[in-house]
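Hello,

Here is the structure I promised to pass on to you. Please have a look at it first, and then read my notes below.

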Amino acid sequence: MRTLKPVRTAYPGRNRLGASDARESGETGLRGGLAALDRKDLIRIMPAKGANMDVVVVGGGVAGLSVAWRAAQAGHAVTLADPSPGSGATHAAAGMLAPVSEVSYTEEPLLRLGLASLELWPSFAAELARESGVDVDHRAEGTLDVAFGADDLAALDEMAGFMGGLGLRVERLTGRECRRVEPMLAPAVRGGLLAPGDAWVDPRRVTAALLAALARRGATVVAEHVAGLAVEGGAARGVRLGGGRVIAADRVVLAAGAWSGSLDGVPPGVLPPVRPVKGQIMRLHGAPGFLGHCVRGVVHGSSAYLVPRGDGEIVLGATQEEMGFDTRVTAGGLWELLRDARELVPGVTELEVADVCAGLRPGTPDNLPVLGPAAMEGLLLATGHHRGGVLLAPLTAAMLMAELDGGPGPYAREAEVCSPLRFGGGTARAAFAAHHR
Ligand SMILES: Cc1cc2nc3c(=O)[nH]c(=O)nc-3n(C[C@H](O)[C@H](O)[C@H](O)COP(=O)(O)OP(=O)(O)OC[C@H]3O[C@@H](n4cnc5c(N)ncnc54)[C@H](O)[C@@H]3O)c2cc1C
């Protein structure tokens with residue numbers, strides 16, 4: 001492997017919640033031509049099929065770790081660089097794998113991606129547990145979406161019809177039936193929709209498991225931030241760390257979550273247009289069996305949810321705020337979480353607070369992730385997962401593995417929907433059109 005020894009460095013500017021404010025390093029690893037967007041033909045990366053490569057993954061959230069794990073399993077020499085793996089949005093995430101109950105009228109392509117990934121989760125979790133010795137608390141007990149007033153019930157019925165039309169399995173329950181399946185629900189609940197196929201995991205355990213599995217596979221984790229790409233002849237050929245050292249690679253996978261749009265010196269149109277979408281979340285110490293399902297509902301105009309863990313923990317989520325790179329936990333945010341959760345399940349206010357935090361979801365203009373070859377040879381993107389990065393992790397890893405192997409393989413349809421080139425300037429758009437003709 002053409003790489004450096006792992007280096008352990010402090011990461012200046014990391015705040016109490018583990019988020020970074022040091023992304024604006026003036027240092028860039030770029031040299032040579034930045035003419036990738038001028039290239040007329042070569043957009044998709046074409047390695048020799050099956051060849052083992054040196055792969056550098058930038059970012060150790062659930063996306064980067066999953067890709068790194070699958071790449072190491074496939075025999076590639078993997079180095080993952082992140083000053084603090086698992087400390088980004090993944091640390092905050094509730095871990096719902098809920099494409100059905102999260103479906104919205106305008107987001108059918110996202111639903112299809114979510115369903116495909118949901119199907120991969122049981123084997124992903126089982127294999128990860130076998131390889132790491134860490135159980136990720138994968139539970140597939142379903143989501144119960146509840147309603148209070150006549151308007152809510154009408155919206156629920158409409159949604160049930162929409163879901164039925166898409167072939168999704170949901171059950172419409174009366175208020176009494178809702179309380180029979182979830183006795184802790186508020187007496188005011190008048191009806192609900194049960195999505196029995198929805199599931200969830202504990203993202204912090206997923207991080208621990210992936211790191212253990214990576215170590216077992218001999219991958220290198222470098223605890224340093226990446227300042228820029230190392231570019232040769234217009235192609236990404238590695239990364240330059242904040243300390244100045246270069247890790248050479250055949251392929252660079254950029255999976256830096258909400259920070260993926262700010263790698264220094266990369267030509268315009270190559271990096272994805274991700275923005276941070278702040279989410280505050282709270283964890284409570286409950287008792288096993290306090291809730292059996294993930295419970296959701298629209299309260300005071302915003303969507304609130306409670307996710308029960310196997311050890312009794314109850315997760316209350318989550319705010320959605322356009323606040324830039326701000327990870328402060330605010331009194332107002334916590335108040336909203338508790339107020340809304342109490343409307344759904346009044347007993348939550350009796351529980352002890354275990355943890356509060358905020359994370360930055362990597363949002364994109366069309367709410368779809370950005371997965372696959374960028375408009376620069378050697379660079380692959382695995383980011384932009386917004387509210388569904390945990391759900392989409394197995395699919396992300398599978399799609400990126402196919403691309404490392406030379407093309408989208410069985411994921412041609414998903415690759416088209418998620419192509420990084422869909423946001424590019426004129427040249428990237430033309431290449432996108434040619435590629436998907
Ligand atoms: C409150 C909240 C609740 C959520 N709930 C759910 C849920 O229930 N289900 C679901 O599927 N999704 C959920 N999400 C969304 C999910 O957390 C994200 O989509 C997912 O974690 C994104 O993963 P990531 O690996 O892309 O980014 P992150 O987890 O943010 O990881 C990015 C990593 O990149 C590193 N990094 C950044 N810049 C650099 C650099 N220059 N060099 C090296 N490393 C760098 C960071 O240190 C970080 O570790 C939630 C998010 C939030 C905030």
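**The open sheet**

Strand 14 (residues 294–299) and strand 15 (residues 302–308) run antiparallel and are joined by five bridges. Within that pair, Val298 stands opposite Ser303 of strand 15. Please keep in mind throughout that this is a predicted model.

Both strands belong to an open sheet of eight strands with mixed pairing, in the order 5-6-4-14-15-16-13-17. Strand 5 (171–174) and strand 17 stand at the edges with a single partner strand each, so one side of each has no neighbour in the sheet. From one strand to the next, the twist averages 20°.

Two helices pack on this sheet. Helix 4 (residues 150–165) touches strand 4 (143–147), strand 5, strand 6 (191–195) and strand 14, and its direction makes about 30° with that of strand 6. Helix 7 (residues 331–344) touches strand 4, strand 13, strand 14, strand 15, strand 16 (314–317) and strand 17. The direction of helix 7 makes about 75° with that of strand 15.

**Around the ligand**

Which residues are closest to the ligand? They are Gly61, Gly88, Gly257, Gly279 and Gly389, out of 45 residues that surround the ligand. The elements giving two or more residues to this shell are helix 1 (62–73), helix 2 (89–92), strand 13 (275–285) and strand 17 (352–363). Sorted by class, the shell has 21 nonpolar, 20 polar and four charged residues.

Why does the ligand lie between domain 1 and domain 2? Domain 1 (1–142 + 198–274 + 365–437) and domain 2 (143–197 + 276–363) both give residues to the shell, so the ligand lies between them.

Strand 10 (residues 235–241) is mostly covered, with seven of its seven residues buried.

**A strand covered on both faces**

Is strand 12 (residues 251–254) covered or open on its faces? Both faces are covered: Arg251 and Val253 on one side, and Val252 and Leu254 on the other, are all buried. Strand 12 pairs in the parallel sense with strand 1 (residues 54–58) over four bridges, where Val56 has Val252 as its bridge partner. Three bridges also join strand 12 to strand 19 (residues 379–383), and these two run parallel. In that pairing, Val253 stands opposite Leu380 of strand 19.

**The chain as a whole**

To finish, here are some overall figures. The protein chain has ten helices and 19 strands. Of its 437 residues, 52% count as buried. Among contacts in the chain with a separation of 6 or more, 76% come from residues 24 or more positions apart.

Note on methods
Residues numbered from 1 in each chain as written. Predicted model: local features only at pLDDT ≥ 70, side-chain atom pairs only at ≥ 80, totals over all residues. Buried ≥ 20, exposed ≤ 12 C-beta atoms within 10 Å, placed from the backbone. Near = placed C-beta within 6 Å. Nonpolar A, V, L, I, M, F, W, Y, C, P; charged D, E, K, R; others polar. Domains from an automatic or database assignment. Pairing = 2+ DSSP bridges. Axes fitted to C-alpha atoms, helices over the stretch in contact; angles between N-to-C directions. Contact = placed C-beta atoms within 7 Å.
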